[in-house]
Amino acid sequence: MSTTFDIQKVAVIGAGTMGRGIVVSLASAGLPVLWLESNVPTLDAGLAMIEQTWSQQVGKERITQVEADANLRRVTPVQDYAALAEADLVIEAVYESLELKQKIFRELDAQLKPQAILASNTSALDIDAIAAVTGRPQQVLGLHFFSPAHIMKLLEIVRGKHTNSAVLEAARVLAQRTGKVAVVAGNCPGFIGNRMLRNYVAEARKLLLEGALPHQVDEVLQQFGFAMGPFRMYDVVGIDLEWRARQLAGHGMEDPLVQIDNALCEFDRLGQKSGQGYYRYAPGSRRAEHDPLVDELVLKVSQGLGYRRREIDAQEILVRCLLALVNEGAKILEEGIAASSHDIDQVWLNGYGFPAETGGPMHWADEQGMNPVLARLEHLQGVLGEHWRPAALIHQLMANGKRFADVVDARA
């Protein structure tokens with residue numbers, strides 16, 4: 001029996017940064033939104049922020065005052081789960097705690113009409129573990145919006161083990177209605193984008209320990225065309241987010257790769273918001289300025305960990321950061337987490353500031369040719385270790401004279 005899901009009334013749970021951006025996206029697209037947030041000051045701040053956002057858009061002549069008023073009227077704050085009973089779709093946007101999300105999904109499953117779709121805005125957690133606490137796993141999926149959600153174009157639609165194809169289709173229609181670029185991803189830690197980001201950032205951090213400096217790494221990647229390098233990105237996001245997550249989790253603090261981040265946070269260098277992070281910022285400015293104190297800190301931490309620093313040139317920085325993305329992207333294709341290399345490229349072009357003119361990391365690798373990509377990966381494996389072992393898919397493509405663009409997986 002095939003069902004179609006018509007999403008006309010949406011609910012959002014959580015009025016933090018993500019929840020606010022999602023509400024703006026949905027209401028701006030003409031959808032009535034029920035907004036549930038148990039913390040009254042947080043909800044009030046959220047309502048003030050969405051009103052201000054539309055006000056600014058009126059000021060920039062992107063929308064009229066009449067449209068701004070209509071958007072605001074579509075948003076209804078509610079106090080309890082019972083008020084969400086008739087929603088067609090609920091998007092949960094609370095912080096990244098599996099236990100909390102499972103608790104919310106149990107409650108939603110009990111209160112919502114049987115045909116409602118339940119979605120989590122998680123950026124990395126297991127969608128199947130969330131779906132498992134409900135009696136409707138076929139109607140559970142991930143809708144991973146990128147922050148700020150009303151500005152960023154990308155929406156990763158995460159397919160759980162049991163997610164119904166009609167539910168995925170309804171999510172695609174919603175993405176189109178809200179002006180998003182939708183990519184369907186399979187369920188694995190980090191999905192497509194953040195799974196690849198983890199390897200890219202790890203490589204950038206290794207380069208610091210081996211001999212590079214943060215401004216050098218960022219400069220190379222910005223010259224290549226990235227909107228910003230990884231360390232500037234951390235300053236914008238807040239270096240302390242992962243630091244606090246490690247402390248809460250009770251593990252990961254000892255990892256050599258995060259010792260520079262840990263040291264920066266201990267000196268209260270949290271990024272732009274504290275006026276200093278990997279860079280320093282003049283009061284009220286967002287312009288990243290090179291800070292020699294950070295260079296000294298990098299030297300001290302890397303030498304303390306026993307690294308013998310060496311000169312690292314721009315080419316090595318670029319190749320290692322890009323191939324870290326490409327090799328992980330190949331594994332994602334191999335596992336059917338992404339339907340095509342084009343989908344992976346869409347994620348990186350629309351969610352992570354990958355330079356548009358390159359077509360995305362997998363297209364860039366296709367342009368290099370499978371032979372040079374494989375040769376470079378094997379060289380890195382020989383010099384730097386097993387984590388550089390080329391994905392099996394790269395060997396297969398090479399043997400068959402094919403490229404990433406030739407791989408299409410029917411599962412996604």
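Student: In which loop is A116 found?

Tutor: This is a predicted model. In it, helix α4 covers residues 98-111 and strand β5 covers residues 117-120. A116 is found in the loop between α4 and β5.

Student: Is A116 buried or exposed?

Tutor: A residue counts as buried when its relative accessible area is under 20%. The contacts of A116, leaving out residues up to four places away in sequence, are with A87, D88, R136 and Q139. At 0% relative accessibility, A116 is therefore buried.

Student: How far apart in space are A116 and W388?

Tutor: In sequence, 272 residues separate A116 from W388. Taken from C-alpha to C-alpha, the distance between A116 and W388 is 44 Å.

Student: What radius of gyration does the chain have, and what would a compact globule have?

Tutor: The C-alpha trace spans about 60 × 55 × 45 Å along its principal axes. For 412 residues, a compact globule would have a radius of gyration near 22 Å. The chain agrees with this, because its own value is 22 Å.

Student: How many helices and strands are there in the chain?

Tutor: Of the 412 residues, 52% count as buried. Among contacts between residues at least 6 apart in sequence, 68% join residues at least 24 apart. As for secondary structure, the chain has 17 helices and eight strands.

Student: How far apart do the centres of the positive and negative side chains lie?

Tutor: The accessible surface comes to about 18,500 Å², and 52% of this belongs to carbon and sulfur atoms. The chain has 40 positive and 50 negative side chains. The centres of these two sets lie apart by 1 Å.

Student: Which side chain makes a polar contact with the side chain of R310?

Tutor: R310 is in the loop between α12 (292-304) and α13 (314-334). Beyond residues up to four places away in sequence, R310 touches E210, G211, E316 and R320. A polar contact of 2.8 Å joins the side chain of R310 to that of E316.

Student: Which side chain is joined to that of S302 by a polar contact?

Tutor: S302 lies in helix α12 and is buried, its relative accessible area being 0%. Leaving aside neighbours within four places in sequence, S302 is in contact with L208, L209, Y307 and R309. At 2.9 Å, the side chain in polar contact with that of S302 belongs to R309.

Student: Which helices do the buried residues of α15 pack against?

Tutor: Helix α15 comprises residues 361-368, and its buried residues are P361, M362, W364, A365 and D366. Just after α15, G369 takes a positive phi of about 100°. The buried residues of α15 pack against α7 (193-210), α8 (214-224), α13, α14 (341-351) and α16 (370-384).

Student: What is the omega of the cis peptide bond between S147 and P148?

Tutor: Most residues other than glycine have a negative phi, and most peptide bonds are trans. P148 has its place in the loop between β6 (140-145) and β7 (154-159). The bond joining S147 to P148 is cis, with omega of about -5°.

Student: Is E61, with its positive phi, buried or exposed?

Tutor: E61 is a residue other than glycine, and its phi is near 60°. E61 lies in the loop between α2 (40-59) and α3 (65-73). With a relative accessible area of 72%, above the 50% cut-off, E61 is therefore exposed.

Student: What is the phi of F191?

Tutor: F191 has its place in the loop between β8 (181-186) and α7. F191 counts as buried, at 0% relative accessibility. Although F191 is a residue other than glycine, its phi is positive, near 55°.

Terms used:
Residues are numbered from 1 along each chain as its sequence is written. This is a predicted model: local features need pLDDT of at least 70, side-chain atom pairs count only at pLDDT 80 or more; totals for chains, interfaces and linings use all residues. Side-chain values use heavy atoms; hydrogens and water are left out. Helices (H or I, at least four residues) and strands (E, at least two) are DSSP runs, numbered from the N terminus. Contact means heavy atoms within 4.5 Å. A polar contact is a pair of N or O atoms within 3.5 Å; within protein, one must be able to donate a hydrogen and the other to accept it, and residues adjacent in sequence count only if both atoms are side-chain atoms. The radius of gyration is taken over C-alpha atoms; the globule rule is 2.2 Å times the number of residues to the power 0.38. Buried means under 20% relative accessible area, exposed over 50%, partly exposed in between (1.4 Å probe, protein chains only). Accessible areas come from the Shrake-Rupley method with a 1.4 Å probe; for residues, only the protein chains shown count as cover. Lys and Arg count as positive and Asp and Glu as negative; His and the chain ends are not counted. The place of a charge is taken as NZ of Lys, CZ of Arg, CG of Asp or CD of Glu.
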